[in-house]
Amino acid sequence: MTTPVDGSTAPVQDTVPEAQDAASLPADLQDERLIASHGVSGAISAFTSRLRSGDLGSVPVVVGLIIIWAVFQIANSSFLSSRNLVNLTLQTTSVGVIALGIVLVLLLGEIDLSVGSVSGLAAAVLGVTFVNKGWPLVLSLLAAAVLGLVIGLFYGALYTRFGVPSFVITLAGLLGFLGLQLLVLGKEGTLNIPFDSGIVKFATQSFLSPAIAYGLIVVVVAAYAFSRLRNRGARVTAGLSAAPTTMIAIKAGALALVLLIPVLVLNGDRGVSSMFLFFVVLVLATDFMIRRTRWGRSVVAVGGNVEAARRAGINVRFIYLSVFAACSTFAAVGGILAAARLIAVNQSSGGADTNLNAIAAAVIGGTSLFGGRGSAYSALLGALVIMSISNGLALLSLDSSVRYMVTAGVLLIAVTIDSLSRRSRQAHGRA
């Protein structure tokens, strides 16, 4: 017992155990204002808390995708068949790759309305140089991709040097590059890509064997578990809180299950296509760039508050330039894959609803139109939703008019959820 400074005899040693308990906690949890949750129940509680505060993540789009698949399976028993799901993955890839670029632009709070025209122009360049000019395939692919990169740099330069709104720049690009595509294709307007060319074989005939597919699952799950355990060890060594090994094991098991079920279904037909695997690798690489690199964190920071990012020392001009360049490059790659899958390039390549599908996929997948929030997985999930609607309605032999109206309805719901969740995050001080 110690004597208080005011001379009274009241004991004060009751505070000592609390100080000792606090000192035994990890360094990042010693502040009593921090709420720590542990174990499986703690994880569930933290997840529920995030949902209540408006941080919905990918939950709405996953629930929506399950509902869409259930409805179409009830309407047509062939929808979830192995053959149709393999076709769905092939249809999803080109739109998903283009949507990856849209996700990056939306993270800045900007927009690119010309991705369809850029993808069509890149496909036309591939067709003309490879088929008509006789260039080597690699050189034609490189020329098409570099074209997308140059267009993106041009957009970025106009935006950062002259302050022209991205909406106006890319709207002009939509019209201008559509005209250039028609000019490149010439009077014939249609080019067939040789069926035995490498790019067509990659897009239509290349599938992973079951052994390789299952082997990749083992590698991915092992890499995930190793990464999480190494991160846990580093945090414990530094005296910080860390996730329990039980939780890491549960998450690794859930990841294995999520990967194994679709692979089992797809292996019932042709298997996992190399083109879809390429798309998934692009998603993982983009996610790594956004979450784990200084560039990605700068993109999110600029999208959240450009002036604060500028005062923090971020090169805002470079971020805008690089993001527009990445978006147009992804559009060019998506156009190449679409042409390879269709084994042809024509005047409608990149037209019709390509813009609608790519932008809608990014938004439906969970990327905020207000900037600063979103992930690369939005492109994957959103593209699956969009193409599932298209595929399901085609199986039911419904007209394109119905597809447009259903897609518009889903897009409107996604934007409404985004607006409501943003309002909820502001109310909880998380915006």
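**Salt bridges and a helix pair**

Arg 291 and Asp 287 lie four residues apart in helix H11 (residues 274–292), so about one helical turn separates them. In this predicted model, the two residues form a salt bridge, with the closest N and O atoms 3.1 Å apart. Asp 287 is buried, at a relative accessible area of 5%. Arg 291 is partly exposed, at 47%.

The structure holds five salt bridges. Helix H13 (residues 306–311) contains both Glu 307 and Arg 310, three residues apart, about one turn of the helix. Their side chains meet in a salt bridge, 3.6 Å from N to O. Glu 307 also meets Arg 311 in a salt bridge, at 3.3 Å from N to O. Glu 307 and Arg 311 are four residues apart in H13, so they too are separated by about one helical turn. Glu 307 has a relative accessible area of 36% and is partly exposed. Arg 310 is partly exposed, at 46%. Arg 311 is exposed, at 73%. Elsewhere, a network of salt bridges links Arg 83, Asp 269 and Arg 270.

Helix packing comes next. Helix H5 (residues 115–132) packs with helix H14 (residues 316–342) at an angle of about 55 degrees, and their axes are 7 Å apart. H5 is therefore oblique to H14. The crossing of H5 past H14 is right-handed. On H5, the contact is made by Val 115, Val 118, Ser 119, Ala 122, Ala 123 and Leu 126. On H14, the contact residues include Cys 327, Ser 328, Ala 331 and Gly 335. By class, this contact has ten nonpolar, three polar and no charged residues.

Notes. Residues numbered from 1 in each chain as written. Predicted model: local features only at pLDDT ≥ 70, side-chain atom pairs only at ≥ 80, totals over all residues. Heavy atoms only, no water. Axes fitted to C-alpha atoms, helices over the stretch in contact; angles between N-to-C directions. Helix = DSSP H or I, 4+ residues; strand = E, 2+ residues; numbered from the N terminus. Parallel < 35°, antiparallel > 145°, perpendicular 65-115°, else oblique. Left-handed = near helix turned anticlockwise from the far one by under 90°. Contact = heavy atoms within 4.5 Å. Nonpolar A, V, L, I, M, F, W, Y, C, P; charged D, E, K, R; others polar. Salt bridge = Lys/Arg side-chain N within 4 Å of Asp/Glu carboxyl O. Buried < 20%, exposed > 50% of the residue type's maximum accessible area, 1.4 Å probe, protein only.
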